[in-house]
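Here is a short note for a colleague opening this structure for the first time. Please read the points in order, with the model in view.

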Amino acid sequence: MFAASLLARFMHCNTKKHYGTAKRVFRYIQGTIDNGIEYQKVKEAVLNGYCDSDWSGSQDDMKSTSGNAFSFGSEVFSWASVKQHNVALSTAKAEYVSASEATTQAIWLRFILEDFGELQTEATPSMVDNISAIAMTRNPVFHQKTKHINRRYYFIYEALQEGVVELRYCKFEEQVAYIFTKALPKDRFNYLRGLLEVKPVNNLEGNVEM
């Protein structure tokens, strides 16, 4: 997902280097074309989210990349990798923006689920691996010190107060959204892909149509 998002930024100014990277992506897809995600029926389906960000990962303009993923019941069904609009001055502020963007997605998903009769009565947990970013959303003192951040990201404070979302801390090793923020070493990539329950079709239970 991150690779596709990165390549999309150069649609109108691509070079041979980008073509080479695109070929690597196609080779990866060809080699994992039989992979899938198994969704299981559960008694009570609850929306859960993960959000993360790199810091100034873009070498062109020093902007960061936000990543988020949401599961409903069993496995992940919604994910995104998006370049942030503004330059973040710290990792905490990059994570703050990422959490705000994930909150907009959570609100939209809650609205869609309600239309399908799956009303979410509790706040949607969103897992963040940066304690400072969580503090910035909860503490009014921190909130006042972030005035240089675009105002459109401030609504996360209201969403928390209204009980729509709840930011929770998770360990870096368990942050599955990290895979959507930057290129990773093979071992780390495979580990996070495993946490997303992406695996070969022949390892999935039940009937699978190809």
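1. Start with the largest nonpolar core, which has 23 residues. Those with the most contacts inside it are F70, Y96, I149, I156, V165 and L167. Bear in mind that this is a predicted model.

2. The largest share, eight residues, comes from α3.

3. Look at I156 next. Leaving aside residues up to four places away in sequence, I156 touches Y96, A99, S100, T103, T137 and L167.

4. There is also a second, separate core of nine residues. Among them are A69, L184, L192 and L196.

5. Now the charges. The structure holds four salt bridges. One of them joins K199 to E38, with the closest N and O atoms 3.9 Å apart. This pair links distant parts of the chain: K199 sits in strand β7 (residues 198-200), E38 in the loop between β1 (35-37) and β2, 161 residues apart. K199 is partly exposed at 24% relative accessible area, whereas E38 counts as buried at 12%.

6. K199 also forms a salt bridge with E197, at 3.7 Å between the closest N and O atoms. E197 is partly exposed, at 28% relative accessibility. Shared partners join E38, E197 and K199 into one network.

7. K83 and D61 meet in another salt bridge, 2.7 Å from N to O. K83 lies in strand β4 (residues 76-83), and D61 in the loop between β2 and β3 (65-72), 22 residues apart. K83 is partly exposed at 24%; D61 is partly exposed at 27%.

Conventions
Residues are numbered from 1 along each chain as its sequence is written. This is a predicted model: local features need pLDDT of at least 70, side-chain atom pairs count only at pLDDT 80 or more; totals for chains, interfaces and linings use all residues. Side-chain values use heavy atoms; hydrogens and water are left out. A nonpolar core is a set of buried Ala, Val, Leu, Ile, Met, Phe, Trp, Tyr and Cys residues joined through side-chain atoms within 4.5 Å. Buried means under 20% relative accessible area, exposed over 50%, partly exposed in between (1.4 Å probe, protein chains only). Helices (H or I, at least four residues) and strands (E, at least two) are DSSP runs, numbered from the N terminus. Contact means heavy atoms within 4.5 Å. A salt bridge is a side-chain nitrogen of Lys or Arg within 4 Å of a carboxyl oxygen of Asp or Glu.
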